[in-house]
Amino acid sequence: MIAWPDTRLLKLFDIEVPILLAPMAGAAGSAMAIAVGKAGGLASLPCAMLSHDQIREEVGLIRAAVRAPLNLNFFCHQTPEANPEADKAWKDLLQPYYQELGADFDAPTPVSNRAPFDEASCALVEELKPQVVSFHFGLPFADLVARVKATGAKVISSATTVDEAIWLERGGCDAIIAMGYEAGGHRGMFLSDQLHTQVGTLALVPQIADAVSVPVIAAGGIADSRGMAAAFMLGASAVQLGTAYLFSPEAKTTQLHQAALREGKDSETALTNLFTGRPARGLVNRIMREIGPVNASAPAFPTAGGALVPLRAKAEPQGDSGFMNLWAGQAVGIKHRLPAEEWTRQLAIQTLEKLAGIQH
Ligand SMILES: Cc1cc2nc3c(=O)[nH]c(=O)nc-3n(C[C@H](O)[C@H](O)[C@H](O)COP(=O)(O)O)c2cc1C
């Protein structure tokens, strides 16, 4: 039997294949987690956009369907101070679009539902006792991390630089996700806001592996067994895949997002702060083209998205994806149509074959 060249993550999480389903808020839920858990990978549930009752319900569905370790994922940003002036300047910038689409400019701006990890979420983790808790945007306060670890959960988070990886290891992370520039969705960056110095996966993974003693999970631009085998060669103990899973039927993406993914090419994604206020990678659409993918007027995370909600609500029913976030990574051109369980199994087998070929 061919063995994985590095089994640290398999032992740490008690999983069978070193593949983590990327938590993808709004884009994947219990169905995808069940499928990946059945294939022996890590079943992840993104919690940032769910109420606590919804999280309980989703966890119940997963646990009823599969006996596999579970990862609950939370955002851990600081809620920004209210800034009505910035909010107004941003909405004023979007005013011509309100006019064009017939959206009500004077109605109160919708509020983002992306909530940070707090006391109440920590109590929920203590109640649900997942095997893994993953964070995005750093770590919550040390007392909350200590409480999560006291439940027995392994704690992981994303690093986009070596400095962030070292910070996360010191903060108590049991493994670190090395999130390269290619990755879809929000960049996990938290020590720097400099987009132009962000690092690609090929350069990031080995440098983080050299800098920390905990296992490293490679993320960003990995979409098949070529990428996964390469990640192991770079020093990763596992991979975390997001965009590739969006092609499975279990994805909860809208029809317009699915259509954009099917058409999407390598050179058609960009980092943008328009949809939430934090940089995230998605397929370029009308609003990104017309006001620039990164616009200094976008208010702090997660506020920016609110003013776009009425535009999206008008545009989407007309088949217009010009005002919605179309998260996708740079490997969006590598496509499949397989259910997530089958695709995970296939990815593991093909990667093992490739690694065996390299070893002999
Ligand atoms: C649609 C989408 C939503 C995402 N949402 C989250 C999230 O809620 N939490 C998180 O930690 N990472 C999130 N990410 C980032 C992924 O965890 C992962 O790092 C990334 O998808 C890896 O790069 P890839 O897309 O090239 O596979 C998201 C990514 C995508 C594509």
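Select alanine 25 and the ligand: a backbone N or O atom of alanine 25 lies 3.0 Å from an oxygen atom of the ligand, a polar contact in the sense of a pair of N or O atoms within 3.5 Å (within protein, one must be able to donate a hydrogen and the other to accept it, and residues adjacent in sequence count only if both atoms are side-chain atoms). The model is predicted: local features need pLDDT of at least 70, side-chain atom pairs count only at pLDDT 80 or more, and totals for chains, interfaces and linings use all residues. Residues are numbered from 1 along each chain as its sequence is written, and side-chain values use heavy atoms, with hydrogens and water left out.

Next, select glutamine 240, where a side-chain N or O atom is 3.0 Å from an oxygen atom of the ligand. Then move to threonine 243; one of its polar side-chain atoms lies 2.5 Å from a ligand oxygen atom. The protein buries 98% of the 600 Å² that the ligand exposes when taken alone (accessible areas by the Shrake-Rupley method with a 1.4 Å probe; for residues, only the protein chains shown count as cover).

Of its 19 residues, Pro23, Asn73, Gly221, Gly242 and Thr243 come nearest. The shell holds ten nonpolar, nine polar and no charged residues (Ala, Val, Leu, Ile, Met, Phe, Trp, Tyr, Cys and Pro count as nonpolar, Asp, Glu, Lys and Arg as charged, and the others, Gly among them, as polar).

Turn to the space itself. The ligand sits in the largest cavity, in that more than half of its atoms lie within 2 Å of the grid points. A cavity is a set of points, on a 1 Å grid over the protein atoms alone, where a 1.4 Å probe fits but cannot get out; lining residues have an atom within 4 Å of a point. About 530 Å³ of space lies in this cavity, the volume being that filled by probe spheres set on the points, which are joined across faces, edges and corners. Among its 37 lining residues, Ala22, Pro23, Met24, Gly184 and Gly185 are the closest to its centre. The lining comprises 21 nonpolar, 14 polar and two charged residues.

Finally, select two backbone features. The peptide bond from phenylalanine 301 to proline 302 is cis, with omega near 0°. Aspartate 14, although not a glycine, has a positive phi of about 60°. Most residues other than glycine have a negative phi, and most peptide bonds are trans.

Conventions: A residue is near a molecule or strand if one of its heavy atoms lies within 4 Å of it. On a 1 Å grid over the protein atoms alone, a cavity is a set of points where a 1.4 Å probe fits but cannot get out, and a pocket is an open set with protein on both sides within 12 Å along at least five of seven lines; lining residues have an atom within 4 Å of a point.
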